[in-house]
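Reader: I have a chain open here and want to go through it with you. Can we start with the charges?

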Amino acid sequence: KDVRQLRLDFRNILKIDNVWVFTGLTKLQLDNNIIEKIEGLDTLVNLKWLDLSFNNIEKISGLECLTKLEDLSLYHNRLREVQNLDRLSRLQVFSIGANCLTDLKTLVYLRQFEGLQTLNLSGNPFCQDPRYKRFVVAHLPGLRYLDFRLVTEDEKTEALKEYKEDIDI
């Protein structure tokens, strides 16, 4: 119960198991493994920081109980959709770059996270779309950083002009 941080990176972990006893965890690092499914995290209700980057995860699930989560990295997995994050109302930093996201419109889902300030989407197929950055900035006006770069006021203004018909302000 006293353990606050746990680092389990580069361990060839296939399945998240036996972490349920660490109910006091605030930081869990499970990057660079071979995890295919997000599971076994239900008791980690104090978690604020979770790194599941560089795994083989195909679907976002199993995060419903992590309502204190502020920083989530799912970078470089096999995700095709942004979903099942509804309970993560405190999310401020989200990294989901280098996945298989193809439809920009799926990002509108992220509008519900009013505290989201930092978002990494780089390396997804939709990043090749010339409208990509303006679309994201327009639909997520609270963003301060997108793909490791500061979002300027000029960029916000231009993006909102272009997408004013799509957005309820």
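Author: The chain carries 24 positive and 26 negative side chains, and the centres of the two sets lie 3 Å apart. Lys and Arg count as positive, Asp and Glu as negative, with His and the chain ends not counted. Each charge is placed at NZ of Lys, CZ of Arg, CG of Asp or CD of Glu.

Reader: What kind of model is this, and which atoms and numbering go into the values?

Author: This is a predicted model, where local features need pLDDT of at least 70, side-chain atom pairs count only at pLDDT 80 or more, and totals for chains, interfaces and linings use all residues. Residues are numbered from 1 along each chain as its sequence is written, and side-chain values use heavy atoms, with hydrogens and water left out.

Reader: Which elements does the chain have, from the N terminus on?

Author: They run β-β-β-β-β-β-α-β-β-α, which comes to 2 helices and 8 strands. Both are DSSP runs numbered from the N terminus: helices are H or I with at least four residues, strands E with at least two.

Reader: And in what order do the strands sit in the sheet?

Author: The 8 strands form an open sheet in the order β1-β2-β3-β4-β5-β6-β7-β8, with mixed pairing. The edge strands, β1 (5–7) and β8 (149–150), each pair on one side only. Two strands pair if DSSP finds at least two bridges between them.

Reader: What about β3 and β4, parallel or antiparallel?

Author: Parallel: β3 (residues 49–51) and β4 (residues 71–73) pair over 3 bridges. Trp 49 stands opposite Asp 71 in β4.

Reader: Where is Asn 32?

Author: Asn 32 sits in the loop between β2 (27–29) and β3. Asn 32 also has a positive phi, about 55 degrees, although it is not a glycine. With a relative accessible area of 23%, Asn 32 is partly exposed.

Reader: And Gln 128, buried or exposed?

Author: Exposed, because its relative accessible area is 68%. Gln 128 lies in the loop between β6 (118–120) and α1 (132–139).

Reader: Overall, how much of the chain is buried?

Author: Buried residues make up 45% of the 169 residues.

Notes:
Buried < 20%, exposed > 50% of the residue type's maximum accessible area, 1.4 Å probe, protein only.
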